[in-house]
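Please read the following note beside the sequence and the coordinates. The points are arranged so that each can be checked on its own.

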Amino acid sequence: MTQSKKFAKSQPAQFLGTQSGDVPPLYSSFQDSSPRRERIKHLLIGSPKAVTATIHLLHVLGYANVRDWSPLLPTANSNEVMSILNRQILTQ
């Protein structure tokens with residue numbers, strides 16, 4: 001076997017940290033934990049054009065529907081608005 005083939009074959013075992021190629025303990029414990037739901041809030045602050053464009057981009061990317069965001073709310077700064085999205089995400 002050439003030197004490059006030996007190197008390629010040894011990489012997975014070195015990456016996983018085991019000689020046998022078994023699943024490392026960190027990965028197995030991650031799978032064993034049950035997912036929980038946690039609330040998260042997204043806050044967009046900027047010009048009305050930038051906030052609206054970001055909301056529409058996140059909709060196109062499939063992250064959140066446009067109607068899930070709050071209406072544009074004025075901030076203390078002129079020509080600046082904010083919009084809030086409350087979500088529940090799964091965490092380990």
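1. P74 has V81 as its bridge partner in strand 3, and it belongs to strand 2, residues 73–74, which pairs with strand 3 in the antiparallel sense over 2 bridges. Strands here are DSSP runs of E of at least two residues, helices are runs of H or I of at least four residues, and both are numbered from the N terminus; two strands are said to pair if DSSP finds at least two bridges between them. The model is a predicted one, in which local features need pLDDT of at least 70 and side-chain atom pairs count only at pLDDT 80 or more, while totals for chains, interfaces and linings use all residues. Residues are numbered from 1 along each chain as its sequence is written, and side-chain values use heavy atoms, with hydrogens and water left out.

2. Strand 2 and strand 3 form a hairpin with 6 residues between them, and N79 lies in the loop that joins these two strands. The phi of N79 is positive, about 55°, although this residue is not a glycine. N79 counts as exposed because its relative accessibility is 63%, where exposed means over 50% relative accessible area, buried means under 20% and partly exposed is in between, with a 1.4 Å probe and protein chains only.

3. K49, in helix 3, also counts as exposed, at 72% relative accessibility. Although K49 and N79 are 30 residues apart along the chain, their C-alpha atoms are separated by 9.8 Å.

4. The 3 strands form an open sheet of order 1-3-2 with antiparallel pairing, and its edge strands are strand 1 and strand 2, each of which pairs on one side only.

5. Strand 1, residues 36–46, runs antiparallel to strand 3 and is joined to it by 11 bridges. Within this pairing, R37 stands opposite L90, and the bridge partner of H42 in strand 3 is L85.

6. Just after helix 3, G62 takes a positive phi of about 85°.

7. The largest nonpolar core has 7 residues, namely L44, V51, I55, A64, W69, V81 and L85. The elements that contribute two or more residues to this core are helix 3, residues 48–60, and strand 3. A nonpolar core is understood here as a set of buried Ala, Val, Leu, Ile, Met, Phe, Trp, Tyr and Cys residues joined through side-chain atoms within 4.5 Å. When residues up to four places away in sequence are not counted, V51 touches L44, I45, G46, L72, V81 and S83, contact meaning heavy atoms within 4.5 Å.

8. A polar atom of the S83 side chain lies 2.7 Å from the backbone oxygen of S70. Leaving aside neighbours within four places in sequence, the contacts of S83 include H42, L43 and L44 as well as V51, I55 and W69.

9. T91, which lies in strand 3, residues 81–91, is buried as well, with a relative accessible area of 17%. The side chains of T91 and E38 are joined by a polar contact of 3.1 Å, a term used for a pair of N or O atoms within 3.5 Å, of which, within protein, one must be able to donate a hydrogen and the other to accept it, while residues adjacent in sequence count only if both atoms are side-chain atoms. Apart from neighbours within four places in sequence, T91 is in contact with S34, P35, R36 and E38.

10. As to chain totals, 13% of the 92 residues count as buried. Among contacts between residues at least 6 apart in sequence, 57% join residues at least 24 apart.
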